[in-house]
Amino acid sequence: MAKAKKPASRSSIKLVSSLPPAVVEQAAQEWLEAHGIAATKNPSTQPDPSCHALTEILTQTIQRIHGELHSLQERIAQLEKKNN
């Protein structure tokens, strides 16, 4: 009778999640190659230019949101002072 595999222990799950993604990916590729499975490599390490533009737009949007939140916090503090 075949033995059932034990589920991954919690300590090994924590170890994997604490490793940098590049290390985990490299280990996974090596494991696949060791088992005769062709590991696919990323075709390009250069980020897509559209991703860069999106990142910049999102960064600007987040900065504006932070500014608005700061402004709202100041207005709330002023209103609270008036009510006290």
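In what order do the elements of the chain run from the N terminus on? They run α-α-α.

**Figure 1. Overview of the predicted chain.** The chain has three helices and zero strands; helices (H or I, at least four residues) and strands (E, at least two) are DSSP runs, numbered from the N terminus. Of the 84 residues, 2% count as buried, where buried means under 20% relative accessible area, exposed over 50%, and partly exposed in between (1.4 Å probe, protein chains only). Residues are numbered from 1 along each chain as its sequence is written. The model is predicted: local features need pLDDT of at least 70, side-chain atom pairs count only at pLDDT 80 or more, and totals for chains, interfaces and linings use all residues, while side-chain values use heavy atoms, with hydrogens and water left out.

Figure 2. The mean pLDDT (the predictor's confidence in each residue, from 0 to 100) is 77, and 69% of residues reach 70 or more. Where pLDDT is low, the predicted coordinates should not be read in detail.

**Figure 3. Helix 2 and the residue G36.** Helix 2 (residues 21-34) has 14 residues and reaches 20 Å from its first C-alpha to its last, close to the 20 Å expected at 1.5 Å a residue; the expected span is 1.5 Å times one less than the number of residues. G36, whose phi is positive, near 75°, follows helix 2.

**Figure 4. Residue I65 in helix 3.** I65 is found in helix 3, which covers residues 49-83. I65 counts as partly exposed because its relative accessibility is 47%.
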